[in-house]
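Reader: Please take me through how to read a few features of a protein model. I would like the general idea and then the case at hand.

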Amino acid sequence: MLLILLAVLILHLIILVLLFVSTIANAWTVGGTKNTDLWYSCLTTNAGYHCSSASNEDWIQAVQALMVLSVLFCLFSLVFFMCQLFTLVKGGRFFFTAVFQILASLFVMCGAIIYTVMRPDGEEDAAFGFAYILAWVSFPLCLVSGLIYIVLRKRE
């Protein structure tokens with residue numbers, strides 16, 4: 001049982017790191033001279049690296065909010081898991097933790113879908129970057145983690 005709890009905890013920490021990196025990294029859309037993320041749009045020229053704030057459009061603000069919420073809900077579910085680990089009665093399930101983890105997965109999924117549909121069109125050769133891919137990788141991991149918390153029972 002200790003190994004299962006340790007594996008779930010490590011999976012949860014990996015998901016939290018993936019969500020955090022995908023939210024703050026400057027590589028949601030990458031092109032020849034332009035990188036765009038949720039917060040800045042950076043342009044590389046001969047004179048150097050110039051960044052400006054992301055647009056104030058509603059869709060990018062929705063993606064920003066959803067990604068921040070996914071990180072917060074994943075963090076809260078980790079805290080709730082640690083609390084429930086020591087206070088939950090024998091045979092109890094980690095439902096509260098599971099709900100927050102599944103909500104985090106839904107938030108990251110919605111944010112990635114909105115960015116997929118509405119992404120900024122800067123250059124012809126622009127492609128999705130590693131931070132965007134990390135967001136999509138963290139979605140199924142977060143969902144599976146939430147489902148594991150539903151199935152998981154506390155034992156002595």
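Predicted model: local features only at pLDDT ≥ 70, side-chain atom pairs only at ≥ 80, totals over all residues.

Reader: Is Leu 66 buried or exposed?

Author: Buried means under 20% relative accessible area, exposed over 50%, and partly exposed in between, with a 1.4 Å probe and protein chains only. Leu 66 has a relative accessible area of 16%, so Leu 66 is buried. Its place is in helix α2, residues 58-87; helices here are DSSP runs of H or I with at least four residues, strands are runs of E with at least two, and both are numbered from the N terminus.

Reader: Which residues is Leu 66 in contact with, leaving aside its neighbours within four places in sequence?

Author: Contact means heavy atoms within 4.5 Å. On that basis Leu 66 touches Phe 107, Cys 110, Gly 111 and Ile 114.

Reader: How is the span of helix α3 read?

Author: The expected span is 1.5 Å times one less than the number of residues. Helix α3 (residues 95-118) has 24 residues and reaches 34 Å from its first C-alpha to its last, close to the expected 34 Å. Its buried residues include Ala 98, Gln 101, Ile 102, Phe 107, Gly 111 and Tyr 115. Among the elements that cover the buried residues of α3 are α1 (2-24), α2 and α4 (130-151).

Reader: Where does Gly 146 lie, and what does it contact?

Author: Gly 146 lies in helix α4. Gly 146 is buried because its relative accessible area is 0%. Leaving aside neighbours within four places in sequence, Gly 146 is in contact with Ala 98, Gln 101 and Ile 102. As for sequence and space, Gly 146 and Met 82 are 64 residues apart along the chain, with 15 Å between their C-alpha atoms. Leu 66 and Leu 2 are also 64 residues apart in sequence, with 33 Å from C-alpha to C-alpha.

Reader: How many aromatic pairs are there?

Author: Rings of Phe, Tyr and Trp (its six-membered ring) pair if their centres lie within 6.5 Å; planes under 30 degrees apart count as stacked, over 60 as edge-to-face and the rest as tilted. The count by this rule is 13 aromatic pairs. In one of them, Trp 28 and Tyr 132 have ring centres 5.9 Å apart and planes at 70°, so the pair is edge-to-face. This pair links distant parts of the chain, 104 residues apart: Trp 28 is in the loop between α1 and β1, and Tyr 132 is in helix α4. Tyr 115 and Tyr 132 form a tilted pair, 6.2 Å centre to centre with 45° between the planes. Tyr 115 lies in helix α3 and Tyr 132 in helix α4, so this pair ties together parts 17 residues apart in sequence. Trp 28 is buried at 0% relative accessible area, and Tyr 132 is buried at 9%. Trp 28, Trp 59, Tyr 115, Phe 128 and Tyr 132 form one aromatic cluster.

Reader: Is Leu 72 buried or partly exposed?

Author: At 35% relative accessibility, Leu 72 counts as partly exposed. Leu 72 is in helix α2.

Notes:
Residues numbered from 1 in each chain as written. Heavy atoms only, no water.
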